[in-house]
Amino acid sequence: FFGEFALFEGGIRKASVESNEETELLELDKPNFDRVVAEFPAAAGVLRMFYYARLADTFLARHNLFGMLTREGRWDMVRRMTLQRYNPNQPILNEGDAGDARYMIRSGNVRIYTGRDADAITLADLPVGEMFGEIAVINLQPRTATVLALSEVEVYRLDRESARKLLSENKELATKVKEIAEARVRSTIDAMITGSVGNTGR
């Protein structure tokens, strides 16, 4: 079957499906899907595991960082993530907030900047697949920048404990994430000194 992403996440379709030959399908719409999930918890569990597998084997498997995880590692990560949505010009993180999670962009684009109003300095514009929020999670410090949705944005949120557990169990991944975080710290310092965007560490 197919189409489960939008049912579980309550969003719009992320792909098109085209028939290559004469095909008959059984359709389960959202209201009936929700009723089945509510009335048959065991069936809901099976469907959710299938959803986890699809997500782990598609989006995460193709990611330049998380693709290095084992399938079991990606499954564990998927089970710990939550999907969040933001409207254009809506802040996702605010500079100075507690660093309680890291994020990965599923759809849309975000802008990272430091400072406020006329003193704001753009550090980077990030597209689909990029992560942010890792500096505060790694260093256990407040947020060093604000992240703003430039369009309708969907992000996967991984709480700090889960993120730190993931990195502690995957040394190669931890090294790559640390390199990105260090590059972004340098970029922030350079931008604050020069007033222009440097290397974003992407």
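Let's start with what covers the buried residues of helix α7: the cover includes β5 (121-126), β6 (131-132), α5 (134-139) and α6 (160-169). Contact here means heavy atoms within 4.5 Å, and buried means under 20% relative accessible area, with exposed over 50% and partly exposed in between (1.4 Å probe, protein chains only). Helices (H or I, at least four residues) and strands (E, at least two) are DSSP runs, numbered from the N terminus.

A quick word on the model: it is a predicted one, where local features need pLDDT of at least 70 and side-chain atom pairs count only at pLDDT 80 or more, while totals for chains, interfaces and linings use all residues. Residues are numbered from 1 along each chain as its sequence is written, and side-chain values use heavy atoms, leaving out hydrogens and water.

Back to α7. This helix (residues 171-194) has 24 residues and spans 34 Å from first C-alpha to last, close to the 34 Å expected at 1.5 Å a residue; the expected span is 1.5 Å times one less than the number of residues. Its buried residues are Leu-173, Val-177, Ile-180, Ala-181, Ala-183, Arg-184, Ser-187, Thr-188 and Ala-191.

Leu-173 also turns up in the largest nonpolar core, which has 25 residues; Leu-60, Phe-66, Met-77, Met-81, Met-104 and Leu-173 have the most contacts inside it. A nonpolar core is a set of buried Ala, Val, Leu, Ile, Met, Phe, Trp, Tyr and Cys residues joined through side-chain atoms within 4.5 Å. The largest share of this core, 7 residues, comes from α3. Apart from it lies another core, of 19 residues, with Tyr-86, Ile-112, Phe-132 and Val-153 among them.

As for Phe-66, its contacts include Leu-60, Met-77, Met-104 and Leu-173, not counting residues up to four places away in sequence.

Tyr-103 and Phe-132 make a stacked pair, 5.3 Å centre to centre with 10° between the planes. The pair links distant parts of the chain, 29 residues apart: Tyr-103 sits in strand β3 (residues 101-107) and Phe-132 in strand β6.

Here is how the two partners score:

| Residue | Relative accessibility | Class |
|---|---|---|
| Tyr-103 | 4% relative accessibility | Tyr-103: buried |
| Phe-132 | 1% relative accessibility | Phe-132: buried |

Technical notes
Rings of Phe, Tyr and Trp (its six-membered ring) pair if their centres lie within 6.5 Å; planes under 30 degrees apart count as stacked, over 60 as edge-to-face and the rest as tilted.
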